[in-house]
Structure formats: C-alpha cells, structure tokens
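Please keep the sequence and the 3D view open beside you as you read.

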Amino acid sequence: MSGAALGLEIVFVFFLALFLLHRYGDFKKQHRLVIVGTLLAWYLCFLIVFILPLDVSTTIYNRCKHAAANSSPPENSNITGLYATATPVPSQHPCFKPWSYIPDGIMPIFWRVVYWTSQFLTWILLPFMQSYARSGGFSITGKIKTALIENAIYYGTYLLIFGAFLIYVAVNPHLHLEWNQLQTIGIAAANTWGLFLLVLLLGYGLVEIPRSYWNGAKRGYLLMKTYFKAAKLMTEKADAEETLEDVMEEVRKVNESIKYNHPLRKCVDTILKKCPTEYQEKMGRNMDDYEDFDEKHNTYPSEKSLVKLHKQVIYSVQRHRRTQVQWRILLEQAFYLEDVAKNETSATRQFVHTFQSPEPENKFIQYFYNPTVEWYWECLLRPWFYRILAVVLSVFSVIVVWSECTFFSTTPVLSLFAVFIQLAEKTYNYIYIEIACFLSIFFLSICVYSTVFRIRVFNYYYLASHHQTDAYSLLFSGMLFCRLTPPLCLNFLGLTHMDSSISHQNTQPTAYTSIMGSMKVLSFIADGFYIYYPMLVVILCIATYFSLGTRCLNLLGFQQFMGDNDMTSDLVDEGKELIRREKRKRQRQEEGENRRREWKERYGHNREDSTRNRNIHIDPKESNLSDLSTTRSSKYTRVNNRTERDRIELLQDVEPLDFNAETFTDDPLESKSERYQPGGRYLSMSQTGIFDDV
C-alpha cells in the first residue's frame, strides 16, 4: 500500500479542481491557456492540503523508528550461541508502518516540484496571463507587449522588496550569503506576504461561516436577504445594459466609418465577432459600399482607440451576460424560498411548487425525493441540521482562535491541535492522526478559500458560479491560492508543533518543513512576525462578529445587508416588488401556454378530421369543375391567393389571447367573428389594450 494513498489523492484532487473550475469557468468560450493555468494553480494548492496529513503520519513513523534505533541496547559480546538469539530485548517503541506510508526520498522531491511550480505560477506566469487575457490587442504580439508594460511596475516592486532583504543579509556580519540562504530569503518574503493576507481572510471566515449556517436556518432572514440582493442586482443589471448600449453605439459608428478596404477593417471585424448576435445582425457588414477611404479626408479611429474599444466590448459583454444569468438564478432562489414559506403551514405535508422546474428531473431522484420527503427536509429537518452544523463549526472556530494565540507555548502545551496530535502520537494511531490533521487543515482551508470565493473587488475581481467568471478573476483566484496555501500549511504545522522552529525540539522535521529551509537566517521574522502576528485573528474575529466592516462599507456608500438600517429596508421592499412583478409575468406566460395547449387539444383534431372527411366526399365532377373554374379565374386574379389562404389558415390555428375579455367562447367561428373587424384589424392591435400587460 506504500504510495497507493498518494496516488489516489493525486487523482481525486485533480477531479475536484476540475469540477470547481467547470462550475465557475466556461470551457467553451474562455482561452485554453487561461483554463490550464487556473486549473494547475487550483490543483497544486488543493494537493498540498490533501497530502500534508500523509507527510505528518510518515514523519511520526520515522521519528518512532529513529527513536527505536537509538534506544536499542548494544549486543553483549559475552553471550554467544543459542542464548544470544533466544532472549531478544523487548522493544519499548511499538513502531509499525502505517497503511499510507510514503517511502523515503519521495516526499522531498514531491514538495519541491509542487512548491516551486506554484510559486512560478503566482509570481511570474499568472500575472502575465492576467494582463494578456484582459488586453484588447488584435494580435499575439500586441497582447504580449501590453502585458509586459503592465507588469513592469508589478515585477519591479517585488524585485525591490527582494533586494531589501538581500541588502539586510549582506550587511549583517554574522551571516554569509549562500544559495540556500538566498532561497530561504525568497521563501520568507513570499510567506510573509501570504501570512499577512491569510490572517485577514481567516479572521473573517472563522466567524462568517458558522453565522451563515445559523442564519440559513431562518427562513425569513434568507428571504429578506434575497429581496435585498434582487434590488442591488437589478441596479447592476440596468447599469450593465446601459453600458453595453453605449459601447455598441461606439462600435456602430466605427463600423460605418471604416470601410471594407481600410487597413483596420480586420480589427473592426474582430470587434464585431465579440458583440452579441442581435447587435451583429443590426449592424452587419457594409460590404456593398465600394467608396475609397483615401478619396475623402475623413477622420478615422486609430489602432490604439480600437484596442481600447475592443477591451471595452469584451468587458461589457461579459458583464451583461453575467448579470442576466445571475438574475435568472436569483429569481429561482426567491421563488423557492417563497414556496418554502408557504409550505411551512401546509396540512398535507407535501411540498408544492409554484412553478415547475424547466429541466426534467431524474426519475431516481424524483422517486426517493418525493414531495413528502421534500417537505420534511425543507420545512422541518433542514433548519435543525443547519443549527447543529453551525454549533459544530463555532466550536472549531473557538479551537482555532485559542490555538493561534497559544501555539508558541511548548511547556505546557496549550495549543489544542498539538495536544490532540501528541496524544495520538503516543499510541501511534496513524488513522486518528491523519483524520485529525485532515479535518484541522481542511477547516482552515475552507475558512480561507471560501472568503476568496466570496469577496468582490468592484467589478475587477468577482468569482461568479454557473460559468460566469471572466478570465481575469479566474487567474487572480489562482494567484491568491498559490500565495495563501504555503503559509497556511506552515501555520498548521506550527499549531500542531510539527515545526521544529516552533516546538524548539531537536526532532526530525516534516518533508514540507525541510524544503522551506531554516528561518534562523531572518530571526526577526521567525521569532517575531510568524509567532505574534497570527494573534491578530482575535481582533479580526471580534470585528467580523459585530459587522464593523459592513458598517464601514455602508458609511462609504456601498450598501450592505443590515437588519437595523433604513436603506436596507427600502431595498428589501424594492426587491420584494421586483420579485412579485417577475412572478406575475411568469404566471401570465404559463397561463397563456396552457390556454394554447388546451385550444390545440380541443379544436386541432376536430379541424383535421373535418378537413379529411370533406376531401374524401368531394364529387369528382365537382372537383373537375372547380379545377376548371380555378384555372380560368387564375388568369384574372392575383398570384398571391394561395399565400392569403395559407395566412388565413395559420390565423385560425392561433389562439385568441385577450386578457381583458370578460367571457371566453368555445366556438372558433364566433371568436373569429368577434376578433376580426371590417377594417382589417384585430382587437389585440387596437389602441385600447396596448399597455394592459405592462
């Protein structure tokens, strides 16, 4: 089984990263290099989290084996023969190889490849790809040039920071510069930046995740928050539509000014391909105009302005598409929460939906998750499950906060994570060690990564589900994951006292710690920043609990959901009205579809049967006379009689929709006579009922 666990986790983590990327990214529309770069960054970060417990259990076994070898008594040279082999000294260290043991030499190489690949991605490749994807250039060379210019300041800043560390080490007379020490300085600089951001995100996630599940048990709270989101999203949706209209107007002007024989016409065609289909059909390509662009001294846009316009088109189209999809998803969520509120007082204890799902449900799921089971889960069990889960997560958060404040104490051991691992280490229960390590680092990762998925920096960084995340945000999330994961793992090893620089014990370090090098080169970071800075998580948790960040954003004009705010109440009322309006609109659509279906089922078959019988019982002589009269009259009649006849037949099949009618008749002839007027107009086209449905 040696190495089998490592191989299984490598495969499992790959499919996990692929599933998450498929949920947020769009494999069909986004560039392949963007998908590959983001997938590789997410995969390496998740891999570190899943493989680290195996490294801990393997290190504990190696420590046990090393202690058993050192404590074995020397052989007695005076005892020979049979007695020397018959009375072995019992071992005081019951070391046995764990099922997930990884042979020596594999983990150091594995960690070096994973760590340095992730660092290359986050500091060099992904920032360059980010600027490349956001560039509006029309050629690969132009995009590369734009990306290099944008990243010149970015790379120069980090080179300046690295140079400062390098000068500090060079000036210190007690230190000698070597390659390993330079490597340690680079690792320390990267981990310092990552730890600074890690504590901020961790302090938010430790409080917000348990609170979100506790509030999830409150149906009224979720429904009010959904109304609030609807009001804000409608504003963003309207702004996105207005921005798209303005950009499309600029594209139309450029399309009309630059003719087919202009050198920049290829650039205009590239811009038109990025526009929505309806705008492409409106504008079209003016291929019939053969006017030479050099004959008149007209002002034409430059290539630089076209690059800027191309960038605006990509951004506006992506934002418009994202808001449209998010609005549809939010409507479904609001309708479902309203259904839950209505079904809570149901006496039949069967869940009834206002609108049927447009997608066909799986028969297997429909059989087991029937309306009765759905009612018990949604109205009775789910709130209690969320409350219990919120309490469990709150206990985990308290353990993390306590351990972050006390992990530097080795005598006595105050960190609860270290206490659990040391108790398991005494009995060499490797299964318990791996489960405890996995749950601990998994909870820390969820607190940090979920914050990365939740935060939104205006419209520049925003991870939207249902394939609506742009390339810039995907690459930026990959950069954040690669910078946060190494300090997160070092912080976890410090909490469990598996890091020798924290425990101050001369024991065998883990393979992950060994590639980080000795932090003694920078003592003020190893003994100061790494130990005392994580204590700030207490202040951040208190600030998150009292929603200080939310209140500050409200003061700055960024509306956030707060129950005790007048602006929040106004937005909730506005969102409630928007949802009610969309609900009425959908109900009218479903009623119209049902009425059309009933009309076809009631009168469609009768009309077909009567037509078929009439054709069968026609006299051949009458048919010949009618054909002769038809041929004679065709010389004096218009050619489009057949077209008019087909049009009348189509109008007969259409259901008359008059939402203002007081009574409905079942006689198609009567309804036809009532709706058609001598002037050639229909009641649906009259001026009295045009705005009745608005």
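The paragraphs below go through the salt bridges, then the annotated region, then the surface patches.

First, a word on the source: this is a predicted model, in which local features need pLDDT of at least 70 and side-chain atom pairs count only at pLDDT 80 or more, while totals for chains, interfaces and linings use all residues. Residues are numbered from 1 along each chain as its sequence is written, and side-chain values use heavy atoms, with hydrogens and water left out.

Side chains of opposite charge can pair when their charged atoms come close. A salt bridge here is a side-chain nitrogen of Lys or Arg within 4 Å of a carboxyl oxygen of Asp or Glu. How many salt bridges does the structure hold? The count is 12.

One of them joins the side chains of glutamate 208 and arginine 211, at 2.9 Å from N to O. Both residues lie in helix α6 (residues 179-216), three residues apart, about one turn of the helix. Helices are DSSP runs of H or I with at least four residues, strands are runs of E with at least two, and both are numbered from the N terminus. Is glutamate 208 buried or exposed? Glutamate 208 counts as buried because its relative accessibility is 15%, and arginine 211, at 22%, counts as partly exposed. For these words, buried means under 20% relative accessible area, exposed means over 50%, and partly exposed is in between (1.4 Å probe, protein chains only).

Glutamate 577 is partly exposed at 32%, and arginine 580 is partly exposed at 38%.

The side chains of aspartate 239 and arginine 319 meet in a salt bridge at 2.7 Å, N to O. Aspartate 239 lies in helix α7 and arginine 319 in helix α10 (residues 303-343), so this pair ties together parts that are 80 residues apart in sequence. Arginine 319 is buried, at 9% relative accessibility, whereas aspartate 239 is partly exposed, at 34%. Elsewhere, Glu236, Arg322 and Arg456 are linked in a network of salt bridges.

Next comes the record. An unreviewed UniProt entry annotates residues 230-257 as "coiled-coil region"; such positions are given in the numbering used here, feature names are shortened, and annotations may be inferred rather than shown by experiment. In the model, residues 230-257 are 100% helix and 0% strand, with the end C-alpha atoms 40 Å apart.

Finally, turn to the surface. Patches are made of residues with over 30% relative accessible area and no salt bridge, with like charges joined within 9 Å and nonpolar side chains (Val, Leu, Ile, Met, Phe, Trp, Tyr) within 5 Å. Glu242, Glu245, Asp246 and Glu250 gather in a negative patch, and Glu242 lies in helix α7 (residues 219-257).

A nonpolar patch is formed by Phe364, Ile365, Tyr367, Phe368, Tyr369 and Val373, with about 670 Å² of accessible area together. Its largest share, four residues, comes from helix α11 (residues 363-368). Phe364 is in helix α11 and is exposed, at 56%.

Notes. Areas by Shrake-Rupley, 256 points an atom, 1.4 Å probe, with all protein chains shown as cover. Lys, Arg positive; Asp, Glu negative; His and termini not counted. Charge placed at Lys NZ, Arg CZ, Asp CG, Glu CD.
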